[in-house]
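Subject: Structure handover

Hello,

Please find the structure below, together with its sequence. My notes on it come after.

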Amino acid sequence: MNITRGATLDDVRLEGTDLSGRDLTDTRFLECALTDCLLDDATLTGARLVDTDWDDVRASGVSLKNASILGGTWTDLRAGALTAPGASVARLSIVGGRIDHLSLRGAKVDGLYLDGVTIGDLDLAGATVTRLRTRGTTIRRLDASEARLKDVDLRGVDLAEVEGAAGLRGATVSTVQLHGLAGGMAVALGIKLG
């Protein structure tokens, strides 16, 4: 199938398709499924993904800048960098897999579920995030600088490092997590440790 920039795909099933390096700017995926596909260095700037599922998708890097991701489940995604600054994300579940760098910088998120995902760096700087749920997820580094969080539950995350701890206002963390975050929170509040 020849998928071009700005195309509309409705109820299309792609299996074993290599979309590496493709410019899919403004492409619309409506109730589609991508299974065992390659998206290395694909550009989906401004794309619209509605109720579109990804299963066993692999990518060294994918740009979803200013994209709209409205519903769907991404299972066993393996990505180097998944960058979605300024994106609008709602009702998305990411289950299993590994993402080295996930950028939702400046994005608007309303309903994101992370289940069993390993994330190297999660960038939520400047993002507005509502209804984020986690379970069995590992995040090595979280940047919450100037984030606006509401109804965000991070208790299901093994969280190693946080930058911009003041941006965690509105999040729920466990007592154990709070002990680990105390140093960064003290710095954010201007408290000197002796």
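This is a predicted model: local features need pLDDT of at least 70, side-chain atom pairs count only at pLDDT 80 or more; totals for chains, interfaces and linings use all residues.

Residues are numbered from 1 along each chain as its sequence is written, and side-chain values use heavy atoms, with hydrogens and water left out.

Strands and their pairing

Helices (H or I, at least four residues) and strands (E, at least two) are DSSP runs, numbered from the N terminus. Two strands pair if DSSP finds at least two bridges between them.

Begin with strand 10 (residues 88-103), which runs parallel to strand 12 and is joined to it by five bridges. One of the residue pairs here is His101 with Asp121 of strand 12. On to strand 14 (residues 137-143): strand 12 pairs with it through five bridges, again in the parallel sense. Asp121 has Arg141 as its bridge partner in strand 14.

Strand 10 also pairs with strand 11, in the parallel sense and over seven bridges. In that pairing, Ser93 has Tyr113 of strand 11 as its partner. Strand 11 in turn runs parallel to strand 13, and seven bridges join the two. Leu112 stands opposite Leu132 of strand 13.

How enclosed is strand 12 (residues 118-123)? It is largely enclosed by the rest of the structure, because five of its six residues are buried. Buried means under 20% relative accessible area, exposed means over 50%, and partly exposed is in between (1.4 Å probe, protein chains only).

Contact below means heavy atoms within 4.5 Å.

Asp123 belongs to strand 12. Its relative accessible area is 9%, so Asp123 is buried. Not counting residues up to four places away in sequence, Asp123 touches His101, Leu102, Ser103, Leu104, Arg105 and Asp143.

Ser68 is in strand 9 (residues 68-83). With a relative accessible area of 18%, Ser68 is buried. Residues up to four places away in sequence aside, Ser68 touches Ala47, Arg48, Leu49 and Ser88. Ser68 and Leu92 are 24 residues apart in sequence, and their C-alpha atoms are 11 Å apart in space.

From Lys108 to Leu49 the separation is 59 residues in sequence and 15 Å in space, C-alpha to C-alpha.

Cavities

On a 1 Å grid over the protein atoms alone, a cavity is a set of points where a 1.4 Å probe fits but cannot get out, and lining residues have an atom within 4 Å of a point. Grid points are joined across faces, edges and corners, and a volume is the space filled by probe spheres set on the points. The structure has two cavities of 30 Å³ or more.

The largest cavity holds about 70 Å³ of space. Its lining includes Leu64, Ile69, Trp74, Val89 and Leu92. Strand 9 and strand 10 each give at least two residues to this lining, and strand 10 has the largest share, with four residues. By class, the lining of the largest cavity has eleven nonpolar, no polar and no charged residues. Ala, Val, Leu, Ile, Met, Phe, Trp, Tyr, Cys and Pro count as nonpolar, Asp, Glu, Lys and Arg as charged, and the others, Gly among them, as polar.

The second largest cavity holds about 40 Å³. It is lined by Leu102, Leu104, Leu112, Leu114, Leu122, Leu124, Val129 and Leu132. Strand 11 (108-115) and strand 13 (128-135) are the elements that give two or more residues to this lining. Its residues divide into eight nonpolar, no polar and no charged.

Cysteines

A disulfide is a covalent bond between the sulfur atoms of two cysteines. Here it is counted as a pair of cysteine sulfur atoms within 2.5 Å. How many disulfides does the structure hold? It holds zero. For Cys32, the nearest cysteine sulfur is that of Cys37, 11 Å away, and that distance is too far for a bond. Cys32 is buried, with a relative accessible area of 2%, and Cys37 is also buried, at 0%.

Regards

Key:
On a 1 Å grid over the protein atoms alone, a cavity is a set of points where a 1.4 Å probe fits but cannot get out, and a pocket is an open set with protein on both sides within 12 Å along at least five of seven lines; lining residues have an atom within 4 Å of a point.
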